Amino acid sequence: MNNGKAKILIVDDERGLRLGTKRLLESEGYEVDTAENGEEGIRLGKSNDYDIAIIDLKMPDKDGIEVLQNIKTAFPNTVCIIATAYASYETAIQATKLGAYSYIPKPFTPDELLSQLKRAFEHRILTLESERLKKEREERLLELAYEKTRLNTVINSIVDGVLIVNKNGETALFNPAALKYLNLNDLPLEKYCLDILPSELAETIKKIIEKEKYEQTAYSTQIEIKPNKELVIEAVCSPIPHPNGQIAGAAVVISDITEHKKIEAIKNQFVSMVAHELKTPIAAVLGYIKIILDKSLNITPEQAESYLQRSYSRLQGLLEMVNDLLDISRMELKTKQLEIKELDLVEIIKSTIEFLEFEIEKKKIKTIFNPPAEFPKIKADQSQISRLFTNLISNAIKYNKEEGEIRIRLRVDGKYAVVEVEDTGIGMSEKEKANLFSEFYRIKNEKTRGIPGTGLGLSIVKRIVETYSGKIEVVSEPNKGSNFIVYLPISR
Amino acid sequence: MALVAIIDDDPDILEATSLVLKSKGYEVVTANNPTDGYNIVVQKKPDLIILDVMMEQPDDGFFLAQKFRKEKITVPIIMYTSVSKAVGMDYSKSEMVPVDDFVEKPISPEELIKKVENLLAVKS
């Protein structure tokens, strides 16, 4: 069927009729092929999708019924018209049963033939159209089915929970993650679910589905699903528009924010610690300055000087703490450019001791450091390793007794260079040791009173050691002293 | 003249606060940890307590205040704190924190005196 012109096959052994008909039909605009016997008719009819075939019933080689059957098997939609001079009721029925569209008795007039062909062609067009529609519908159904499974697969593999609730508050769809995050065993489909959901979530969904008109507004709510912040979720609920402008339901996306909450809590605690640590010295200094400025208090010049002296050292401590905090945040952000090179620990420790000479002598402390002639090198940033030993040795001075000792020993243990910094100071109990490396942790007791510090020194030490995949251990006994043992990987 | 107990682990705050109060004629006893603080309150029976929230533990002050109230020590307490704003906690008088007034550090001597005078006036 092309350009609205029917393509016709004439199968007839009578040459005159064949050619006459061909000429007639061509003059009417049909496209015509002819076959002079049954075999030729079958060959042509099976290899071309003709719109119409006019088949003579009686041919010398093959029966017209056989030709009809063959064509119908290959192209069921080819409209076949049986032509015969030996018309009989039985053959007509037989032909119709086998799929012939109609029956034309021979001889026929051109008008008879043309009117039959016209109807046959119309039938052909209708058949093809309905065939096309049927196929299209089947394809669309398949596509839909495929879309649906694909959508389900996609939704089920989303890490966040997805829950769709219709306007009546009934479950329309959900994925396994939604059940997990809501801590539910099941959510029956097409059943009212707002009484099963956590009340905060149900309220938010209600707020959406009870609206008259669709508005593009999403609501977010944070819900503690399991107590003690064991499972905290964030549910973002948004309306689903109905084609009529109303609301079809609500889509809920649920994410697990337990970890965020934990980090937030740690951050808040840290901020409050920092605020406290920074504010305390400021309060002390402000208090002293107020006293000095307040004429009504009548303090002596000696008192004033001592308060200024105290203020000065508190401010120095504050500056030290701010620097330590900056160091910690730099380590955290890893913004500090590290210059990794081979380092000689003996050199670094020697220069650290020199650097702290003044404090050591002030307390009349004896340092014992007898490094071996040969000691393996480590690979690290020089300023960080210097900072590490400055913090450890200055602690060994601060928490030591007058005329005490600091013993620094080097040794190799497997793949580690080990440095021990031991003092003969106040030491610590097991309980006091527990939080030793936490930020702002300072042991507060009779013995530590008056020892200045930021509570950040050892936390910085630990961070540095961990930067280089090393470790730190502490052995300590109250009133005897402490031994800090640092393991740093040897460079190879 | 009234006796004021100051319990704070910061020696400079203790000294500055004592000096201000003494200059106004108050008698002052001090302690720099919760244990000593409890003892001076029980032994010296002050008319007013100025108590720091954070000492050895971040909430030592709270526990000490609760302990006083449990033991029917009804002396007015002014609680010192430096972090309520930073952590967004707005403390107020409640069962949880049984104190009479909250003071954000730092506080000026005038303000401190005013608060002390107010609380002592209510008491007498």
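Which residue in β4(B) does B:Asp52 stand opposite? B:Asp52 faces B:Tyr80. The views below come from a predicted model, in which local features need pLDDT of at least 70, side-chain atom pairs count only at pLDDT 80 or more, and totals for chains, interfaces and linings use all residues. Residues are numbered from 1 along each chain as its sequence is written, chains are lettered from A in the order in which they are written, and side-chain values use heavy atoms, with hydrogens and water left out.

**View 1. The open sheet of chain B has 5 strands.** The strand order is β2-β1-β3-β4-β5, with parallel pairing. Strands are DSSP runs (E, at least two residues), as are helices (H or I, at least four), numbered from the N terminus. Two strands pair if DSSP finds at least two bridges between them. β2 (27-31) and β5 (101-104) of chain B are the edge strands, each pairing on one side only. Neighbouring strands are turned by 20 degrees against each other on average, direction ignored. Axes are lines fitted to C-alpha atoms, for helices over the stretch in contact, and angles run from 0 to 180 degrees between N-to-C directions.

**View 2. β3 and β4 of chain B run parallel.** 4 bridges join β3 (residues 48-52) to β4 (residues 77-81). Strands of a sheet pair through backbone hydrogen bonds, either parallel or antiparallel.

**View 3. The largest cavity holds about 150 Å³ of space.** On a 1 Å grid over the protein atoms alone, a cavity is a set of points where a 1.4 Å probe fits but cannot get out; lining residues have an atom within 4 Å of a point. Grid points are joined across faces, edges and corners, and a volume is the space filled by probe spheres set on the points. The count is 2 cavities of 30 Å³ or more. The largest is lined by 15 residues; A:Gly287, B:Ala16, B:Thr17, B:Tyr80 and B:Ile107 lie nearest its centre. Two or more lining residues come from each of α8 (258-293) of chain A and α1 (11-23) and α4 (109-123) of chain B. The lining has 11 nonpolar, 3 polar and 1 charged residues. Here Ala, Val, Leu, Ile, Met, Phe, Trp, Tyr, Cys and Pro count as nonpolar, Asp, Glu, Lys and Arg as charged, and the others, Gly among them, as polar.

**View 4. The second largest cavity holds about 30 Å³ of space.** A:Leu392, A:Asn395, A:Ala396, A:Val421, A:Asp423 and A:Phe484 line this cavity. α12(A) gives the largest share, 3 residues.

Terms used:
On a 1 Å grid over the protein atoms alone, a cavity is a set of points where a 1.4 Å probe fits but cannot get out, and a pocket is an open set with protein on both sides within 12 Å along at least five of seven lines; lining residues have an atom within 4 Å of a point.
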